[in-house]
Amino acid sequence: NMLSAQHFGDPGKMKDYHYTGPVEHKFSPYAYNGGTVLAVAGDDFAIVASDTRLSEGYSIHSRDSPKCYKLTDTTVLGCSGFHGDCLTLTKIIEARLKMYKHSNNKTMTSGAIAAMLSTILYSRRFFPYYVYNIIGGLDEEGKGAVYSFDPVGSYQRDTYKAGGSASAMLQPLLDNQIGFKNMEGVEHVPLTKDKAIQLVKDVFISAAERDVYTGDALRVCVITKEGINEQTIPLRKD
Amino acid sequence: MALFDVSGFNSDLRARILPSTQVPVLDRANNYNFGSKFQEFAVPPGVDPSGFLESCSSDGGVRIEMDHGTTTLAFKFRHGVIVAVDSRASSGRYISSTYYDKVIEINPYLLGTMSGSAADCMYWERLLAKECRLYRLRNNQRISVAAASKLLCNMMLGYRGMGLSVGSMICGWDKEGPGLYYVDENGTRLSGRMFSTGSGNSYAYGVMDSGYREDLTVEEAYDLGCRAIAHATHRDAYSGGVVNMYHMQKDGWIKVCKQDVSELLHRYRKEKLRV
């Protein structure tokens, strides 16, 4: 075998390495802005709650950036993840809601909005919206409904769901308190609106204690047939 | 497009495989012409879509997790087809749902199961349901199971290599009798008597194969389906929740049961101790 003279040119001396081919710079269009969203459905009400902290890395960009977006008189969308995609997604949804209203002369129902959001998210299957969505509202019969999504549009109807940075902390707590999981000999009392609101507040206070991306304030939207009532409660600012 | 050529996309080949009515992928999806017949998908510009999400999550970047994981099974026997699925949806290591519905009721005589990526299965099987309905309206007769599974298979082939993850079984009863087809994201389409898909499929096969006979009674078949899923959830970390079971009969499917796997496994253990 003929061995290249280059390799045996100067033994002991480091050879300069010049790479002359194309270089791939990683295209990284996403950022993680934190935030937690929660939704609970009752017999005749629904609650959508989110914290209001907007962070990135070690910084907090804003302490007043709620993640609940009112879509109709009976539906609220909570989205957390990458704030840029949240804004674009809500803009598209609001435009589609108006188009539906103009074509069909009626407001979209919660179930219809959920099905539509699934296809909007899936249209970006190969370049996803980095958003964790939860829709809370009233269905056509006036009962509470919660729909939870993954970033590419898989969804289902739930009774309660937590999403976002503290979701893994909150979901087990909700499973226990609302779903009565892992408890024996407990009477399954249906959840009243006031108890649900108090539970949501308590649960977010716990989340703010242990999750760095959750805190500052809590925005709670309570949806009943009378309309949507919003409250803001302070949380830990550290 | 110049960008397509530079990025090495084999757009030529794709145009030859795709039927002419399907629009190829663009860099931005059009959200506002929702009366259109063609679905458009956005792709990240200049990068290979199937590797794009992985490259985002490396080096401390963001992790976008999609819902995954399952055990599903279906088998034909004398009295029809039994379809049994678990109900766990996991995204990464987090269980995002314990009661996820993995059977799509396409119409009263066709069922589709979901395994792999939840969003992919849900979207394409919903699209399949739409096509089946259109077929019924245009041809005044129900679509056959073979044709329905072929439609899904061709949808998968149109996006082959782009990172979809679908492992689905199409079950139904048509003029040829009970039908069971397995379709996956590579375009594999197989007709058979017994299939199991998902991360827990090998465990389910073991239990199903040891208990299967063509002349099972209906009760025995229900029991076999439950046992196979329950034992698979016991050993597979990504399966769990409840067993959702359907029975496909001549005049349509019926939903048989929705049983918690922990209770089933507890019952099986007690039976073993009694014997």
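The contact between the two chains takes 43 residues from chain B and 36 residues from chain A, where contact means heavy atoms within 4.5 Å. The model is a predicted one, in which local features need pLDDT of at least 70 and side-chain atom pairs count only at pLDDT 80 or more, while totals for chains, interfaces and linings use all residues. Residues are numbered from 1 along each chain as its sequence is written, chains are lettered from A and ligands numbered from 1 in the order in which they are written, and side-chain values use heavy atoms, with hydrogens and water left out.

The size of an interface is often given as the accessible area lost when the parts come together. Chain B and chain A bury about 3,400 Å² between them, of which 62% lies on carbon and sulfur atoms; buried area is the accessible area (1.4 Å probe) that two parts lose on being put together, summed over both. One salt bridge is counted between chain B and chain A, a salt bridge being a side-chain nitrogen of Lys or Arg within 4 Å of a carboxyl oxygen of Asp or Glu. The side chains of Asp120(B) and Arg125(A) meet in a salt bridge at 2.5 Å, N to O.

In chain B, five strands form an open antiparallel sheet in the order β5-β6-β7-β8-β9. Helices (H or I, at least four residues) and strands (E, at least two) are DSSP runs numbered from the N terminus, and two strands pair if DSSP finds at least two bridges between them. The edge strands of this sheet are β5 (103-107) and β9 (189-191) of chain B, each pairing on one side only. The twist averages 20° from one strand to the next. Helix α4 (residues 118-139) of chain B packs on the sheet, where it touches β5, β6 (110-113) and β7 (167-174) of chain B, and its direction makes about 10° with that of β5(B). Axes are lines fitted to C-alpha atoms, for helices over the stretch in contact, and angles run from 0 to 180 degrees between N-to-C directions. Helix α5 (residues 145-158) of chain B lies across β6, β7, β8 and β9 of chain B and runs at about 160° to β7(B).

Chain A also contains a five-stranded open sheet, with antiparallel pairing and the order β10-β1-β2-β11-β12. At its edges stand β10 (160-164) and β12 (227-234) of chain A, each with a single partner strand, so one side of each is left without a neighbour in the sheet. From one strand to the next, the twist averages 15°. Helix α3 (residues 167-177) of chain A packs on this sheet and touches β1 (36-41) and β10 of chain A, its direction making about 170° with that of β10(A). Strands β2 (residues 46-51) and β11 (residues 217-224) of chain A pair in the antiparallel sense over six bridges, and Ser50(A) has Arg219(A) in β11(A) as its bridge partner.

The largest nonpolar core has 59 residues, and those with the most contacts inside it are Ile93(A), Leu110(B) and Trp124(B). Such a core is a set of buried Ala, Val, Leu, Ile, Met, Phe, Trp, Tyr and Cys residues joined through side-chain atoms within 4.5 Å; buried means under 20% relative accessible area, exposed over 50%, and partly exposed in between (1.4 Å probe, protein chains only). A second, separate core of 26 residues includes Ala84(B), Ile229(B), Leu265(B) and Tyr268(B).
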